[in-house]
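Colleague: I'm new to this one. Can you walk me through it?

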Amino acid sequence: MYKIGFTLLLCVLAGAGAQFLDIDRYQQLLQLRPLAVEFIDYYRNITSGDLLIPGTGLPNQQDLRCLAEVATLSQGVQTGSIWALRMIDSWGRLPAGILYGNRKDLGNFDECIRVNQLVASTGHSLRGKYCMAKLLSGNMLGGNAGALGMLSVQTAICLPASCTSEHMETLLRQLFKQLLNIELSTETQLINAANCQTAERESLDGLAIFTIVLMCVLVAALLLATLYDYFLCADQKHLPALVKVFSARANSRTLFRIVDSKTNPNVIDCLHGIRCLSLIWVIYGHDYILQGISPNINLVDVIPWYRSPFSMFIMHGLFSVDTFFFLSGLLVVMVALRSMERTKGKLNVPLMYLHRYLRLTPVVALAILCYMRILPLLGAGPLYKGLVAQLSAPCEDNWFWTLLYVQNYATNTVCLPHSWYLGVDMQLYIFSPLFLIALYKWGKKAIAGIVVLLLLLAACLFSMMVVKGYSLSTGGMSDEIYFTTHTRASPWIIGLIFGYYLHVNRSKTFKLNRLTVWLGWLISLGLIFTSLFALYPYPANGNHLPIVNEAFYVTLTRIAWPLALVWLVFACKYGYGGLANSFLSSPLWQPLSKLSYGAYIWHILIAMLNAGITRTSTYFSDYQVMLRFWHDFGFTILLAYFMFLLVEAPFGGLEMLLLPTRAPRSQPPPAAKSSPIAEPEPSSIEIAPALEPKTAPVN
């Protein structure tokens, strides 16, 4: 997720770059404020010479139709036709407040695309096409070109749908030459054809139809099983297994069932709270990314925000990822070693892998289909097509890497970009039997070897950053140290070691004096706040840390953060958590914890949908992001609950019905359990009621 520092830094530079504008050039640009009026006035008597690039030959049918419709538009404006005035009225202007960081005027999207006027002379309907046009960029302005290289000011235009992006490009170039006396180079692209939109929607292809039919079948199974459960089955104890698997009533009952830790000593209640708070941190951080790339009217305010203490919680949100790795390693060893003790050290590795894959993949597979084919159908807006393409386009060619869980190594354009963590965690899980067998057979000797491995991996990360120059702050090569398993394994290994410690001491009670408790909390909080604020404040001049300093910070914090969590979990489990334990162990966290996997998978869909339907420029502030977060989070939980009933719980139940378990049971497993990563043994719902959500960069 959290190359956000680089993303927002770009926004800062783009917003601050306006101060380098040549004042004479800026005054000249003010002529572009009534751009639509200037366009109509300039092309009052448009000819084919205006529309065609010199040397391209005679106009074709498309050229002639565009020419005729632009002439019709000009005539309609002169005669006061309401449809023509609406097209012109929908144009954006030169954004007010360029010097304050306002880089886009979105015009009126709906007013443009709803134009549908029958032209009597041709018999065709003249429809509006909405595009964003680049008014100016660094190479179009005077002043410091280096500082302006990332400055791009855009506005909305509305022209007949018969005109291609090349037609629009040609017309705008001539207009700019006339108004600003600027001869643009051929490398400067004013119109991005991929983001132009009309009211017409693309027809559904076979994959979209398959996705809709599949979801209808799942909904039908859900409704039939629920109706049977509610009306035809008086005794829930005798509910047929297949009905119980699909029944929303039965699965909801399991979802909202509260497990009392007093009845089961293996339960670690605080893990629910830690998991849920980290999920909130993930979604909140992603919303900051979306706010940063939104058309904000006050990008210069990012500069003081970037230097504020609060920004550290967002800039270093990557520690939420390390939290989930820590929890995953902790739960893997605790649950698996209990199972191995019952089976005298036997571990059915192929079955363990199969359980794991079948628990994860149905949700991911449906998500790939929905992100590719359903999300483009759900909304529309000035930004919608471009944002959705960032999610759907990579899936066209790389979807299978995600289903194989090697996407973090196999490709640079990941289908479901936030799914990289699934790949890392799956790969760590594949290696987990080696650790589990070693811990079971050799105990403390194996711990010594695992610690050596931890130090070697930390040294590998440090050397990669120093020798090869990989950096998280510049964003240039951060993928090599952000997405790769060997650079992200440290928190997982620490969780593994701590889980073994809890396992071998599960029957013990710890009596600590007050000084020891206070010292533990001080060290833990010290590690947490040092990880968050060691780099505060960021250099005012925008310079990055020396690579050696950054390498020390990244390497050490990936060890320090999970070590802080070790004390937090230990203190809460053995009665030294105080208010922290009361908060984190609240039973209210348990239902949300069970939905955390689904919330992780689907929250990007909700966030992109809500961001894409934006019709006007936004305002950047912490409060505005909080407002964005609450409606994104609320709809994410609703969608996660629906998908839990539709896919996650039924497929989990079917998997448990069709495949053998690794431990004898007195009754069928709860179908609503959804934690293959947290639970290598599916029967252990008391330890890990939900898969930890994963976090990743949107970009």
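**A disulfide to begin with**

Modeller: About the S-S bond of Cys131 and Cys196 the torsion is about 125 degrees, so this disulfide (a pair of cysteine sulfur atoms within 2.5 Å) is right-handed. This is a predicted model: local features need pLDDT of at least 70, side-chain atom pairs count only at pLDDT 80 or more, and totals for chains, interfaces and linings use all residues. Residues are numbered from 1 along each chain as its sequence is written, and side-chain values use heavy atoms, leaving out hydrogens and water.

Colleague: Where do Cys131 and Cys196 sit?

Modeller: Cys131 is in strand 3 (residues 125-137), and Cys196 is in the loop between helix 9 and helix 10. They are 65 residues apart. Helices (H or I, at least four residues) and strands (E, at least two) are DSSP runs, numbered from the N terminus.

Colleague: Is Cys131 buried or exposed?

Modeller: Cys131 is buried, at 0% relative accessible area. Buried means under 20%, exposed over 50%, partly exposed in between (1.4 Å probe, protein chains only).

Colleague: How many disulfides does the structure hold?

Modeller: It holds 4. One of them joins Cys66 and Cys163, with sulfur atoms 2.0 Å apart. Cys66 lies in helix 5 (residues 61-79) and Cys163 in the loop between strand 4 (152-160) and helix 9 (165-180), so the pair ties together parts 97 residues apart in sequence.

Colleague: New topic. How many helices and strands are there in the protein?

Modeller: There are 29 helices and 4 strands. Of the 699 residues, 58% are buried.
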